[in-house]
Amino acid sequence: MALRKLFRLSSLLRSAVSLTLRRNFGLSAVLFNRAKDLDPIQKLFLDKIRDYSTKSKAAAGGIVDAGPSYEKGVSEEITKLQRLYGTGDLTKFLDFKFTEPQLQEVAK
């Protein structure tokens with residue numbers, strides 16, 4: 001009788017230990033992967049994102065890596081639009097003003 005309880009307790013203990021070891025092994029594998037160097041593709045991707053971030057901060061809200069040919073093209077297009085649609089600031093969105101209609105009550 002005591003031997004059966006001991007076997008039952010040992011099997012429960014064994015399953016709990018194996019479950020704990022499996023969970024800890026999975027967690028340690030994730031931590032180990034974070035600690036070692038990244039995959040070369042991931043590293044290249046992160047390097048490009050960091051590079052773009054520094055370039056966008058240097059551009060101060062402008063287009064990143066926009067050369068003089070891009071700026072020339074933009075100015076030509078703005079000139080064309082101003083000729084077609086008249087003068088005004090084409091980089092600003094229109095400001096619409098709606099007035100409230102005057103309603104009159106009609107007698108029945």
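At 63% relative accessibility, D65 counts as exposed (buried means under 20% relative accessible area, exposed over 50%, partly exposed in between, using a 1.4 Å probe and protein chains only). This is a predicted model, where local features need pLDDT of at least 70 and side-chain atom pairs count only at pLDDT 80 or more, while totals for chains, interfaces and linings use all residues. Residues are numbered from 1 along each chain as its sequence is written, and side-chain values use heavy atoms, with hydrogens and water left out.

**The helix itself**

- Helix α2 runs over residues 40–59, which makes 20 residues (helices are DSSP runs of H or I with at least four residues, strands are runs of E with at least two, and both are numbered from the N terminus).
- Just after α2 comes A60, with a positive phi of about 55°.

**K55 and its two partners**

- Searching the whole structure turns up 5 salt bridges (a side-chain nitrogen of Lys or Arg within 4 Å of a carboxyl oxygen of Asp or Glu).
- As background, side chains of opposite charge can pair when their charged atoms come close.
- D51 and K55 form one of these bridges, with their closest N and O atoms 3.6 Å apart.
- D51 and K55 are 4 residues apart in helix α2, so about one helical turn separates them.
- D51 is partly exposed at 33% relative accessibility, and K55 is partly exposed too, with a relative accessible area of 32%.
- K55 also meets D65 in a salt bridge, at 3.4 Å from N to O.
- That K55–D65 pair links distant parts of the chain: K55 sits in helix α2, D65 sits in the loop between α2 and α3 (68–85), and they are 10 residues apart.

**The network around D47**

- Through salt bridges that share partners, K43, D47 and R50 are joined into one network.
- Within it, R50 bridges to D47, and their closest N and O atoms lie 3.8 Å apart.
- About one helical turn separates R50 from D47, because they are 3 residues apart in helix α2.
- R50 counts as exposed at 53% relative accessibility, whereas D47 is partly exposed, with a relative accessible area of 34%.

Conventions
The expected span of a helix is 1.5 Å times one less than its number of residues.
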